[in-house]
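User: I am new to this structure and would like to learn how to read it. Could you take me through some features one at a time?

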Amino acid sequence: MRKKVNSLKQTAEEIRLRLVEVVYKAGAGHIGGGLSSVDLLTALYFRILNVDPEDPGMDNRDRFIMSKGHSVEALYCTLEAVGFIAPGKLDSYGEFNSPFAGHPTIKIPGIDVNSGALGHGLSVGVGMALAARMDKKSYRTYVLMGDGEQGEGSIYEAAMSASHYKLDNLIAIIDRNGLQISDTTEHVMSLEPMDRRWEAFGWDVHEMDGNDPDAILRTFENIDYTNGKPHLIISRTTKGKGISFMENGLKWHHGVPCESEYQQAVAEIKERLASYQLLTD
């Protein structure tokens, strides 16, 4: 496990570095929520999801929906790192006629759903999980939501449906970084107690440190996929994770670093990558 975790940490930092580069070069992007979810996305695509970059449409592949689609840059960078996107193609992000839109699009290999209209992803995920059961398929459906997104009423309609149909092949994850576009989530629309709320809907609820690969892997390994309940993971994270001046900063919900900020961010990430290299030498 330790070797796997160290490898995930290094891979996540490489993706984090690419994310900062992509947003800086494009002059646009939702970097804060992307940085908070990089560690989770890395664990999903490199250890957990049954997907194949050589066969993106594989029949029994696991499905992943990035409901918090405004953080798409993190997903693109992860898909590039794992091999769905050819090296260099993502450099066109933000340019006219680029295939890489500001929200997930099925034009990109590895993306199954056009998403980003907040509150819709879980409903689509319920449909996919239900379809798997009806078709007697073994794939699982994973949905990543934002915590600010939890103010959307459609989420709770989907939550009731998933519990009603006992969809234990559905895993929903909330990126619980505590900030949304205008303020803290608790000031805009209080969400706590989040665990008891979802338990009351009939879900199997877990909590984890969503910026710790060890905790992420352990959480997914401990899920009982035969218990007749959909699964909800509250992923406690830090918005802007990994960049000192961005962490827990509201302005970085969709901020773009200037040149000096970009250089500082790159230096911080490269310093951590160098330390990981020393550990493996």
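User: How many bridges pair strand 3 with strand 5, and in which sense?

Analyst: This is a predicted model. In it, strand 3 (residues 170-176) and strand 5 (residues 231-236) are paired through six bridges, in the parallel sense. Within strand 5, R236 is the residue that R176 stands opposite.

User: What is the order of the strands in the sheet?

Analyst: The order is 1-2-3-5-4, in an open sheet of five strands with parallel pairing. The edges are taken by strand 1 (63-66) and strand 4, each having a single partner strand, so one side of each has no neighbour in the sheet. From one strand to the next, the twist averages 20°.

User: Which strands does helix 4 lie across?

Analyst: Helix 4 (residues 121-134) lies across strand 1, strand 2 (141-146) and strand 3. Relative to strand 2, helix 4 runs at about 170°.

User: How do I read the length of helix 4?

Analyst: Compare its span with the expected one. Helix 4 has 14 residues, and from first C-alpha to last it reaches 20 Å, close to the 20 Å expected at 1.5 Å a residue. After helix 4 comes K136, which has a positive phi, near 55°.

User: Which residues of helix 4 are buried?

Analyst: The general idea comes first. An α-helix has 3.6 residues a turn, so residues three or four places apart point the same way. In helix 4, the buried residues are G121, L122, G125, V126, M128, A129 and A132. Viewed down the axis of helix 4, these fall within an arc of 165°, so they line one face of the helix. Their cover includes strand 1, strand 2, helix 5 (153-164), strand 3 and helix 7 (194-200).

User: Is N211 buried or exposed?

Analyst: Buried means under 20% relative accessible area. N211 counts as buried because its relative accessibility is 13%. N211 sits in the loop between strand 4 (204-209) and helix 8 (213-221).

User: What does N211 touch?

Analyst: Apart from residues up to four places away in sequence, N211 touches L35, S36, D39, R236, T237, T238 and K241. With D39, the side chain of N211 makes a side-chain polar contact of 3.0 Å. R236 is also the residue opposite R176.

User: Where is E261, and what is it in contact with?

Analyst: E261 is in helix 9 (residues 259-280). Setting aside neighbours within four places in sequence, E261 is in contact with F245, K251, W252 and V256. Between E261 and F245 there are 16 residues in sequence terms, and 8.6 Å in space from C-alpha to C-alpha.

Terms used
Residues are numbered from 1 along each chain as its sequence is written. This is a predicted model: local features need pLDDT of at least 70, side-chain atom pairs count only at pLDDT 80 or more; totals for chains, interfaces and linings use all residues. Side-chain values use heavy atoms; hydrogens and water are left out. Helices (H or I, at least four residues) and strands (E, at least two) are DSSP runs, numbered from the N terminus. Buried means under 20% relative accessible area, exposed over 50%, partly exposed in between (1.4 Å probe, protein chains only). A polar contact is a pair of N or O atoms within 3.5 Å; within protein, one must be able to donate a hydrogen and the other to accept it, and residues adjacent in sequence count only if both atoms are side-chain atoms. Contact means heavy atoms within 4.5 Å. Two strands pair if DSSP finds at least two bridges between them. Axes are lines fitted to C-alpha atoms, for helices over the stretch in contact, and angles run from 0 to 180 degrees between N-to-C directions. The expected span of a helix is 1.5 Å times one less than its number of residues. The arc is that of the directions from the helix axis to the C-beta atoms.
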